[in-house]
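This report describes one protein chain and its ligands. Please look over the sequence and the structure before reading on.

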Amino acid sequence: MAVIALKCPSIEVVVVDISKSRIAAWNSDKLPIYEPGLDDVVKKCRGKNLFFSTEVEKHVYEADIVFVSVNTPTKTRGLGAGKAADLTYWENAARMIADVSKSDKIVVEKSTVPVKTAEAIEKIMTHNAKSIKFQILSNPEFLAEGTAIQDLFNPDRVLIGGRETPEGEKAIQTLKSVYSQWIPEGKILTTNLWSAELSKLAANAFLAQRISSVNALSALCEGTGANVNQVSYAVGTDTRIGPKFLNASVGFGGSCFQKDILNLVYICECNGLPEVAEYWKQVIKINDYQKSRFVNRVVASMFNTVANKKIAILGFAFKKDTGDTRETPAIDVCKGLLGDKARVSIFDPQVTEDQIQRDLWMNKFDWDHPIHLQPTSTPSNEKNVSVVWDAYEATKDADGVCILTEWDEFKKLDYQKIYDNMRKPAFVFDGRNVVDCDKLREIGFIVYSIGKPLDPWLKDMPAVA
Ligand SMILES: NC(=O)C1=CN([C@@H]2O[C@H](COP(=O)(O)OP(=O)(O)OC[C@H]3O[C@@H](n4cnc5c(N)ncnc54)[C@H](O)[C@@H]3O)[C@@H](O)[C@H]2O)C=CC1
Ligand SMILES: O=C(O)[C@H]1O[C@H](OP(=O)(O)OP(=O)(O)OC[C@H]2O[C@@H](n3ccc(=O)[nH]c3=O)[C@H](O)[C@@H]2O)[C@H](O)[C@@H](O)[C@@H]1O
């Protein structure tokens with residue numbers, strides 16, 4: 001919304017949220033999320049044509065176009081629990097829009113939603129809104145965190161789906177005229193509603209599938225002496241496959257891949273397509289396998305026990321250049337190590353101690369609900385978790401180092417100094433392939449790097465669950 005305000009000075013954008021603390025932060029000097037370039041954009045527009053407010057109903061009443069970007073978490077209870085999208089927040093928003101509206105409006109699905117959600121939303125709105133006409137559009141968002149501003153300035157495409165009626169077509173053109181103020185016509189795709197809704201789930205499923213494919217191969221690389229970087233480069237030079245998004249890792253994280261694939265799986269099951277559901281489920285299974293495989297490697301190479309050993313965790317965010325920890329693989333890796341009684345010392349340049357403690361305590365999927373619905377008590381194994389503000393502090397007297405986020409600064413650390421201050425034998429487990437293995441081995445480390453030829457030490461220590 002901030003980028004729309006920047007690129008379209010004639011449009012007034014008001015971002016409304018029921019969370020008072022978030023809106024207060026959006027109005028302050030410290031924005032509630034870390035995203036490179038966002039501060040600049042907000043500062044340029046805030047108070048001119050970009051406003052942040054908790055007066056949700058007032059601004060919805062005044063608006064011509066309402067973008068709904070509320071959370072769409074995975075259901076934790078009842079029908080479809082663990083898979084289906086929980087549309088409670090969406091339904092509440094739709095009912096509120098219907099209640100307060102006194103003029104026709106375009107309602108845009110910006111959240112990622114199950115295919116056919118627009119139909120449900122239409123029903124809610126038409127049953128509740130007297131004689132007012134609503135046009136529902138699907139306009140899914142494809143930005144990635146860490147590169148959000150660049151992605152929004154120069155997207156691969158913008159997708160707008162609407163009803164194939166004259167009114168639907170008119171609404172599509174209205175929204176198109178907003179984006180066409182900075183995006184070339186050819187990049188603005190228009191489709192029917194269901195294609196737009198499904199394309200978003202499909203795009204995330206394809207992206208995640210690429211990572212699970214390369215991660216599955218990384219396990220085979222380790223067993224055969226192949227190097228996953230060389231394999232993915234060789235594969236990616238085929239122009240039909242392409243070089244991007246083929247980096248092996250400890251597993252993908254983030255608030256959307258898992259949630260959206262589970263959602264897709266559930267929709268397939270509801271449509272009587274168990275084989276298709278099973279196909280996509282495998283992407284998640286390989287991701288879970290990759291995380292537990294990593295933990296097993298750590299424990300197995302340290303004589304099959306990490307009890308009371310200090311393990312430094314470098315990086316907790318789900319990728320670099322963000323402070324977001326939703327579904328970060330670091331949560332599962334830390335829980336795995338804590339389960340084996342390790343002491344973990346965590347450093348991430350953008351994640352607070354409070355966030356890390358909450359993440360390690362929370363149940364799966366709880367993170368995607370408002371803060372007042374999340375657990376508040378402290379974790380029982382808190383004494384085994386310390387959060388520090390420096391990589392050297394985290395690694396001091398440690399037995400092993402796990403690199404779980406690919407922050408650039410981890411490439412430039414003084415590994416000789418780290419080695420000198422660790423207990424021996426000193427291990428590095430690189431879950432993001434950021435370190436120079438040969439250099440670290442020269443220093444004296446025993447190094448494990450995802451999908452790379454195994455250190456002789458690790459070959460003799462098979463990681464059997
Ligand atoms: N985070 C990302 O990079 C991307 C997210 N998406 C999708 O966008 C949607 C939102 O994602 P996030 O922004 O990450 O979630 P979020 O949880 O950070 O933000 C959702 C916000 O909606 C507010 N909210 C809930 N009900 C409301 C209501 N009735 N009225 C006003 N505000 C309400 C919440 O207080 C919260 O601040 C999800 O469907 C997600 O899949 C899509 C593409 C990228
Ligand atoms: O729907 C969404 O929320 C967004 O989800 C992803 O964006 P995001 O999760 O922010 O970040 P990605 O760059 O996709 O990374 C996701 C995870 O995959 C991992 N990853 C990515 C690429 C790769 O080659 N290997 C790999 O392990 C990252 O480290 C990260 O943990 C998609 O890339 C966006 O297009 C989409 O809009």
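What share of the 465 residues of the protein chain count as buried? The figure is 40%. The model is a predicted one, and every value below was computed from it.

## Overall fold

The protein chain contains 18 helices and 13 strands. Its radius of gyration is 24 Å, close to the 23 Å that the globule rule gives for 465 residues, so the chain is as compact as a globular protein of that length. Along the principal axes, the C-alpha trace spans about 75 × 45 × 45 Å.

Contacts between residues at least 6 apart in sequence were also sorted by separation: 74% of them join residues at least 24 apart.

## Domains and their contact

The chain is divided into domain 1, residues 2-202, and domain 2, residues 227-459. A distance of 32 Å separates the C-alpha centres of the two domains. Across the boundary, 19 residues of domain 1 are in contact with 21 residues of domain 2. On the domain 1 side, the touching residues comprise nine nonpolar, seven polar and three charged.

## Nonpolar cores

The largest nonpolar core has 71 residues, and Ile313, Leu314, Leu337 and Cys402 have the most contacts inside it. Apart from neighbours within four places in sequence, Leu314 contacts Phe347, Ala391, Ala394, Val401, Cys402, Ile403, Leu404 and Phe410.

## Ligand 1

Which residues are the closest to ligand 1? They are Asn71, Thr72, Ser111, Thr112 and Glu141, out of 21 residues that surround the ligand. Helix H5 (residues 88-100) supplies the largest share of this shell, with three residues. By class, the shell around ligand 1 holds nine nonpolar, eight polar and four charged residues.

Domain 1 and domain 2 both give residues to the shell, so ligand 1 lies between them.

## Ligand 2

Around ligand 2 there are 20 residues, of which Asn247, Ser249, Phe252, Gly254 and Cys256 come nearest. The most to this shell is given by helix H9 (residues 193-224), which contributes three residues. Eleven residues of the shell around ligand 2 are nonpolar, six are polar and three are charged.

## Backbone geometry

Most residues other than glycine have a negative phi, and most peptide bonds are trans.

Phe303 has a positive phi, near 65°. This residue is in the loop between helix H12 (274-301) and strand S8 (310-314). Is Phe303 buried or exposed? Phe303 is exposed, because 10 other C-beta atoms lie within 10 Å, and a residue with 12 or fewer counts as exposed. Glu327 also has a positive phi, near 55°, and is placed in the loop between S8 and helix H13 (329-339). Glu327 counts as buried because it has 24 C-beta neighbours inside 10 Å, where 20 or more are required.

The peptide bond between Lys424 and Pro425 is cis, with omega about -5°. Pro425 sits in the loop between helix H16 (415-420) and strand S12 (427-430).

Gln416 is a residue of helix H16. It counts as partly exposed, with 13 C-beta neighbours inside 10 Å. Gln416 and Leu440 are 24 residues apart in sequence, and their C-alpha atoms are 8.2 Å apart in space.

Gly444 lies in the loop between helix H17 (437-443) and strand S13 (446-449). With 14 C-beta neighbours inside 10 Å, Gly444 counts as partly exposed. Which residues does Gly444 touch, not counting those up to four places away in sequence? They are Tyr419 and Ala426. Ala330 is 114 residues from Gly444 along the chain, and the C-alpha atoms of the two are separated by 26 Å.

How values were computed:
Residues are numbered from 1 along each chain as its sequence is written. Chains are lettered from A and ligands numbered from 1 in the order in which they are written. This is a predicted model: local features need pLDDT of at least 70, side-chain atom pairs count only at pLDDT 80 or more; totals for chains, interfaces and linings use all residues. A residue is near a molecule or strand if its C-beta atom, placed from the backbone, lies within 6 Å of it. Helices (H or I, at least four residues) and strands (E, at least two) are DSSP runs, numbered from the N terminus. Ala, Val, Leu, Ile, Met, Phe, Trp, Tyr, Cys and Pro count as nonpolar, Asp, Glu, Lys and Arg as charged, and the others, Gly among them, as polar. A nonpolar core is a set of buried Ala, Val, Leu, Ile, Met, Phe, Trp, Tyr and Cys residues joined through C-beta atoms within 7 Å. Two residues are in contact if their C-beta atoms, placed from the backbone, lie within 7 Å. Domain bounds come from an automatic or database domain assignment. The radius of gyration is taken over C-alpha atoms; the globule rule is 2.2 Å times the number of residues to the power 0.38.
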